[in-house]
Amino acid sequence: MLSAGTGRSDITPAPGTPQGGWGAQTHERGIAADLPLYATAFTISDGACQFILIDVDAIGFDEVMTSRILDEIEMTTGMPRSHIRLSCTHTHSGPNTFRLERIRWGRSMIEAYMQSLPAHIAGAAWQSMQSLKPVRVQAASGTCPINVNRRVRLPDGRIGVGVNSGGFVDHTVRVVSFAGRDGEPVANLLHYACHPTTIAWQSQCFTPDYPGMARHVMERATGARCLFLQGAAGNLGPKVGFTGDHGVYRRWGRALGLTGAALAANMDVAPVRYRMDRVQESGAPIALYVPVAGIEEDCRLDVAYRMVPLPVRAMAPPEEAEAEAGLLREKAEAIRERGASGEEIRFALALAAQAGIRAGLSSRFHGKPAIGWPLQTAAFGGIALSATAGEPFAEIGVEIARRSPFPHTLFSGYSNGGFGYLPTREAFAEGGYEVSTSPFTQDAADVLRDAVLEQLRELKQ
């Protein structure tokens, strides 16, 4: 018998906390929150094995911060780290949880915020373990067309980020629903692939972007707590994004949440067989039924975790990359101080941000032929929840789901720490932002895909 429970902590940052996620952003501090930001936890157990899944409204965390959070969860819950999944929605309009060295104003506030996060997240995880109750589980999938391929050819020939209506896209919405043996809803997992880049540098408000709105809508419609699982969204974004209009992200979240709620509502999460009891004569002879024993289901939970060695491309020496980034940061600061136009400041900051990304990659990966990349899967009842770090392209997620031995496979990135795009081999031939900022070679996506499928096959045995 499977049991499940949920927990939640409010992690909304205080006004004045540094906001991050955009190279073109000229402000540093967020002024308010449009919707609350949460850390939501879900625990599932078969009595012998347990697994904790956590959904955090954040752009992401580096390996050091991830380790701090996982240490706190492990200490608070007693759960081994390999059985804990820390996933981020990847909202770009949340607090600045990485690249703190670029912050000029409000540094103490973001440091205090980051210091508080491990306890808040661990508290949600602990709470989810306290609320375990027997559940049945079912899954379903549908579609929601709010996303689009974002790799577009610019007038100057570069590959930029925008709207490519003819590019590869995955509109699939996946929902896993858990209900008590009495039929009462317990939790829903909502899985979708799309960059939360609806709200951009124009807004000074913290938002959870469309995932937060989708959760809110689905919870109100179903009565069950919802966790959002970001899919393979490396090359997918919203159809309309990069805006300061909060109504846009609320619209996309509402569309996705209602799609998820409809899928959940049409599932029979407490499957029951019926037999005909008698016939009632009326205007027509009406057959009346009574329930009999429930349908037995696979109640085993299995969890697998490994580090996959992914090949790393050649990079400039760290000191060279950092020197370039430092010069561009100084230039951007000088432009800001002389009172230049907003557009000129944004352009200078963007160049500095891009150089900073390259410097960060060099400091972490220079001279390394490969790096270990986390891969984790929890499987139960014909459902597999697979996750890795970084930002895999949509084609990878679609192929994994197609070739998986499980009827329902939810493959995600943005989990268990670390940044880095995982573009397809074809994308490497085109170039562009995701390729230039990836630490990996063109072979990495294939290596990861094969490792995920191998792990899925092992769990299915």
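Student: Where is the place of H90?
Tutor: H90 sits in the loop between β5 (84-88) and α2 (107-130). Helices (H or I, at least four residues) and strands (E, at least two) are DSSP runs, numbered from the N terminus. One caution: this is a predicted model, where local features need pLDDT of at least 70, side-chain atom pairs count only at pLDDT 80 or more, and totals for chains, interfaces and linings use all residues. Residues are numbered from 1 along each chain as its sequence is written, and side-chain values use heavy atoms, with hydrogens and water left out.

Student: Is H90 buried or exposed?
Tutor: H90 is buried, at a relative accessible area of 4%. Buried means under 20% relative accessible area, exposed over 50%, partly exposed in between (1.4 Å probe, protein chains only).

Student: And what phi does H90 have?
Tutor: A positive one, about 80 degrees, although H90 is not a glycine.

Student: What about Y414? Where is that?
Tutor: Y414 is in the loop between β20 (408-412) and β21 (421-422). Its phi is positive too, about 60 degrees, and Y414 is not a glycine. Y414 counts as buried, at 8% relative accessibility.

Student: New topic. How many residues of α3 are buried?
Tutor: Ten of its 14 residues, so α3 is mostly covered. Among them are Y210, M213 and V217.

Student: What span should α3 have?
Tutor: Helix α3 (residues 209-222) should span 20 Å, at 1.5 Å a residue. The expected span is 1.5 Å times one less than the number of residues. The end C-alpha atoms of α3 are 21 Å apart, which agrees.

Student: What comes just after α3?
Tutor: G223, with a positive phi of about 80 degrees.
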